[in-house]
Amino acid sequence: MLHAAQLLAQPATAENNPVLNIAIFGAFVAVTMVIVFRASRNNKSAADYYAGGRSFSGTQNGFAISGDYLSAASFLGIVGAIAVNGYDGFLYSIGFLVAWLVALLLVAELMRNTGKFTMADVLSFRLRQRPVRMAAAISTLAVCFFYLLAQMAGAGGLVSLLLGIDSQVGQSVVVAVVGALMILYVLVGGMKGTTWVQIIKAVLLIGGAFAMTAWVLAINGFSLGSVLEGAVATSTSTPPEAILAPGLQYGALPIDFVSLALALVLGTAGLPHVLMRFYTVPTAKEARKSVVWAIWLIGIFYLFTLVLGYGAAALVGPEAIAAAPGGVNSAAPLLANALGGPVLLGFISAVAFATILAVVAGLAITASASFAHDIYNSVIKKGKADQAEEMKVARRTVVVIGVVAIVGGIGVQGQNIAFLVALAFAVAASANLPTIVYSLYWRGFTTRGAVWSMYGGLASCVLLIVFSPVFSGNETAMLGAGVDFAIFPLKNPGIISIPLGFLLGWLGSITESRKEDPELAAEMEVRSLTGHGAEGAVAH
């Protein structure tokens with residue numbers, strides 16, 4: 001048996017074989033592009049472009065949801081966080097998984113029954129359309145922007161590791177290429193093409209993670225204890241055993257972890273690109289089935305991250321991971337290199353690249369649908385734009401979103417992407433979840449409550465992020481240590497902004513004298529619980 005310690009003599013830097021790596025990337029892009037072009041033949045209506053014609057089964061959609069949800073943060077960010085911070089890094093996996101129970105129990109079926117294309121369809125169902133749709137669309141765009149930043153940062157770090165690109169300019173070029181591919185996927189394939197890319201990517205990612213997990217365990221005699229011993233042996237923490245215990249990352253300020261946990265657990269049920277996936281299935285029963293499939297697939301994958309993270313710590317070492325191009329996010333590719341050399345490194349990196357492409361495509365189509373359907377058609381055109389006109393605006397929006405994502409992605413190079421995604425979850429939980437819960441469960445909820453909740457939750461969350469250590473005041477901050485205006489001590493604002501979103505929704509509703517239409521409230525309740533009339537128009 002080859003013990004983990006015997007592999008420490010191997011070089012921690014990736015054995016770069018750019019030709020092989022680019023060939024694997026190219027093969028994936030070519031195959032998925034063929035699928036996207038084939039899927040695009042049926043994109044004739046808004047339902048085809050936004051919701052894939054509602055033609056996917058619960059099982060297919062479960063794989064697509066897991067493909068959408070298991071982003072670069074799940075693979076690159078969490079494995080890196082566990083390799084460097086041990087137990088505290090694994091808490092990301094726990095939070096991301098437990099969050100699905102909230103989504104399953106509170107929103108999945110009801111959202112599918114009540115909505116049509118976007119989250120705003122549900123939030124504005126029994127409220128005044130224009131102000132609520134505008135607020136929901138702005139909130140959706142904000143969440144998608146934060147999420148896109150994380151994926152773009154992952155793309156830059158990953159490909160720079162593979163191709164040995166250390167320069168900021170080189171990584172920026174890589175981010176631009178990812179953005180261009182994302183735009184092409186969405187422009188051509190719509191939701192149907194994007195869904196098939198996500199299904200393929202989910203199979204590859206979970207399969208690749210399983211193979212690496214089995215390999216790490218085999219090296220260690222199928223003993224998790226042996227893997228953990230190897231991680232302790234290379235640990236740079238004091239004492240070394242601290243990597244197995246809580247507190248390595250959040251011990252100095254435990255309330256920061258509580259804030260992060262709130263954001264992770266409550267954020268999923270408010271993520272627009274995940275909620276939009278519920279509309280790609282024909283019935284609420286299939287929506288429920290798809291979430292159950294997603295929970296199983298995602299849960300199994302997150303168990304793999306525990307072995308992969310500690311395996312990377314044991315076989316590569318935290319110092320080597322931190323020093324590699326891409327930093328913490330390079331742990332999984334470096335582990336692949338230590339196990340199987342350039343071939344496994346190329347395959348796993350291609351899977352990670354596929355992960356990024358699939359997720360950014362899903363985010364882009366969600367953001368473009370929200371702008372075209374909720375702002376352009378419902379607010380600017382007052383619901384009078386035809387489907388062809390709306391889809392044209394959606395496609396133009398994709399290009400704009402792609403450019404913004406490229407610029408933002410260049411700005412956050414080197415940040416841990418699991419952490420960046422946690423910020424997106426905080427925005428979703430603060431701005432979207434209170435309004436979703438109130439809309440579905442409280443008849444007394446009003447337009448003012450919805451608008452106050454969304455704008456207040458969004459503004460407070462973003463402001464607290466800007467004035468937190470994430471943005472300035474230390475070496476790992478977005479603006480570096482040279483600029484310091486961090487007056488909010490926590491890195492994740494969820495513990496303040498999420499309760500504030502719920503409070504503002506309640507306060508706005510009880511202070512508004514104008515009450516909403518009781519007939520629409522009754523219709524929404526019946527539709528959400530039974531699915532009756534779910535295929536009909538949502539606008540009123």
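Lys 381 sits at 35% relative accessibility, so Lys 381 counts as partly exposed. Keep in mind that this is a predicted model.

Stay with Lys 381 for a moment. What does Lys 381 form a salt bridge with? The partner is Glu 389, and the closest N and O atoms are 3.9 Å apart. Glu 389 is partly exposed as well, at 28% relative accessibility.

How many salt bridges does the structure hold? The count is 2. Besides Glu 389 with Lys 381, there is Arg 128 with Glu 512, at 3.4 Å from N to O. Look at where those two residues lie. Arg 128 is in the loop between helix H6 (119–123) and helix H7 (129–163). Glu 512 is in the loop between H19 and helix H20 (518–530). The pair therefore ties together parts that are 384 residues apart in sequence. Glu 512 has a relative accessible area of 7%, and because buried means under 20%, Glu 512 counts as buried.

Next, the cores. The largest nonpolar core has 159 residues. Among those with the most contacts inside it are Tyr 69, Trp 100, Met 111 and Tyr 185. Which helix gives the most to this core? That is H14, with 25 residues. A second core is separate and has 5 residues, including Ala 372, Tyr 376, Ala 385 and Ala 394.

Now the aromatics. The structure holds 17 aromatic pairs. One cluster is formed by Tyr 69, Phe 75, Tyr 92, Phe 96, Trp 100, Tyr 147, Phe 301, Tyr 302 and Phe 425.

What does Thr 366 contact beyond its neighbours within four places in sequence? The list is Thr 140, Cys 144, Pro 272, His 273 and Met 276.

Cys 144 is buried, at 1% relative accessibility. Cys 461 is buried too, at 0%. As for disulfides, the structure holds 0.

Helix H12 next. H12 runs over residues 284–315 and has 32 residues. From first C-alpha to last, H12 reaches 46 Å, close to the 46 Å expected at 1.5 Å a residue. How many of its residues are buried? The count is 24 of 32, and H12 is mostly covered. After H12 comes Gly 317, with a positive phi near 100 degrees.

Last stop, a loop. Leu 490 lies between helix H18 (447–466) and helix H19 (494–510). With a relative accessible area of 6%, Leu 490 is buried. Leaving out residues up to four places away in sequence, Leu 490 touches Leu 253, Ile 255, Asp 256, Ser 259, Ser 468, Pro 469 and Ile 495. Val 470 is 20 residues from Leu 490 in sequence, and their C-alpha atoms are 8.6 Å apart.

Definitions and conventions. Residues numbered from 1 in each chain as written. Predicted model: local features only at pLDDT ≥ 70, side-chain atom pairs only at ≥ 80, totals over all residues. Heavy atoms only, no water. Contact = heavy atoms within 4.5 Å. Core = buried A, V, L, I, M, F, W, Y, C linked by side-chain atoms within 4.5 Å. Buried < 20%, exposed > 50% of the residue type's maximum accessible area, 1.4 Å probe, protein only. Helix = DSSP H or I, 4+ residues; strand = E, 2+ residues; numbered from the N terminus. Phe/Tyr/Trp six-rings, centres within 6.5 Å; stacked < 30°, edge-to-face > 60°. Disulfide = S-S within 2.5 Å. Expected span 1.5 Å × (residues − 1). Salt bridge = Lys/Arg side-chain N within 4 Å of Asp/Glu carboxyl O.
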